[in-house]
Amino acid sequence: MKRVAIIGGGLAGLTSAIMLKKGGMDVTLIEKNEYPFHRVCGEYVSNEVIPFLRENELWPTGLHPADITKFELTDTTGSPVRMPLDLGGFGVSRYALDNFFIEKAKALGVEVKEGTRVEEIAFQDNNFEVLTRNGTSPYSIVVGAYGKRSHLDKRMDRSFMKRRSPYIGVKYHVRNAPQSNDTVALHNFKGGYCGLNAVENGTFNLCYLSHRDNLREYKDIDQMEKKVLCVNPHLKRIFAESEFLWDAPLVINEISFETKEPVINHVLMCGDAAGMITPLCGNGMAMAIHSGKILAECVLAHNTKDNLNRVELEEDYRKAWKKQFSFRLSSGRQIQRLFGRPLFSKMAVSLGRYTPPVARFLMSKTHGTPFR
């Protein structure tokens with residue numbers, strides 16, 4: 001039986017672990033944190049994933065996700081447009097959903113190493129050695145599912161790590177937000193945009209992306225929010241009326257939307273490690289689940305052979321990943337240019353208000369179709 005190491009226990013890594021274990025493989029999942037924990041994430045999931053989740057007993061019924069059917073967009077001055085979400089989605093926190101998935105993985109027999117950081121991945125003689133603080137272990141296949149950026153990317157000399165990204169991500173959980181539970185909202189401000197949607201248990205996820213120049217100018221996050229985000233009256237009201245549940249936000253730096261490779265140094269990448277869609281598209285969680293499924297299908301298709309043909313596996317996965325995601329990622333990068341700037345954000349709101357079929361068409365280019 002071929003041994004698989006999955007480095008990173010987000011939705012992409014968890015999905016691939018579950019599907020590979022169901023397919024009869026020996027799977028180890030290595031996660032540097034201990035469950036449950038929060039991640040900087042929009043926490044809105046497109047309904048395209050529902051058939052797959054239900055078919056594989058992964059629909060989180062007990063978490064009671066928020067049903068989201070409407071979309072609201074405001075420009076930097078607060079001028080709004082509201083429209084229905086054709087496919088719709090649901091809101092659920094990563095804290096709850098990732099923990100739900102990890103319990104499913106453990107119940108299936110996936111070996112889970114929490115609180116364990118991978119220091120090095122070495123490939124030699126058609127096999128891997130994965131080094132952690134507890135020693136070195138051999139694996140036939142290694143999956144990189146560790147998110148947006150990692151010290152492992154630097155060790156593998158990935159090209160996107162050589163170019164600094166100007167974006168930071170900030171996330172809060174709040175209650176009593178002045179917004180309907182059935183709506184996902186995207187509010188523009190100078191140099192960025194902020195998303196708000198309900199998740200489980202009466203909680204809302206508030207997460208924004210900002211150019212780092214905003215933080216440089218105002219020195220700390222609190223002042224940046226007051227002086228930049230709250231110029232938009234919708235954001236000013238949200239920050240004034242909501243009950244913030246954490247003492248401090250989660251913050252990540254250097255968020256890169258540049259093109260990445262789905263395979264590098266023979267490691268199969270999935271989720272944000274393979275390519276990250278811009279947060280305004282609200283589709284990162286669905287893409288992570290779908291990419292984990294596609295990766296598992298490719299690996300299982302090649303697991304029938306006694307001798308693993310790594311060249312064929314890598315090429316098949318590369319083609320499958322690009323066919324499903326490369327256009328969506330490119331579309332997201334292009335659409336992002338309409339956001340975070342006064343003129344372009346005003347154009348985006350006008351587009352949604354006066355030519356809704358065009359707006360819905362652009363939205364559809366960043367979303368997939370239901371899959372099993």
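Begin with the second largest cavity, which has a volume of about 30 Å³. To find it, select Ile-30, Lys-113, Val-130, Thr-132, Gly-135, Ser-137 and Tyr-139, the residues that line it. A cavity here is a set of points, on a 1 Å grid over the protein atoms alone, where a 1.4 Å probe fits but cannot get out, and lining residues have an atom within 4 Å of a point. Grid points are joined across faces, edges and corners, and the volume is the space filled by probe spheres set on the points.

This is a predicted model: local features need pLDDT of at least 70, side-chain atom pairs count only at pLDDT 80 or more, and totals for chains, interfaces and linings use all residues. Residues are numbered from 1 along each chain as its sequence is written, and side-chain values use heavy atoms, with hydrogens and water left out.

Next, color strands β8 (127-132) and β9 (135-139), the elements that each give two or more residues to the lining of the second largest cavity. Strands are DSSP runs of E, at least two residues, and helices are runs of H or I, at least four, numbered from the N terminus. The largest share, three residues, comes from β9.

Now hop over to the largest cavity, at about 60 Å³. Select its lining: Gly-271, Asp-272, Gly-275, Ile-277, Gly-284, Met-287, Ala-288, Ser-291, Trp-321 and Phe-325. Helices α8 (284-302) and α9 (310-336) each give two or more residues to that lining. Which element gives the largest share? That's α8, with four residues.

Note on methods
On a 1 Å grid over the protein atoms alone, a cavity is a set of points where a 1.4 Å probe fits but cannot get out, and a pocket is an open set with protein on both sides within 12 Å along at least five of seven lines; lining residues have an atom within 4 Å of a point.
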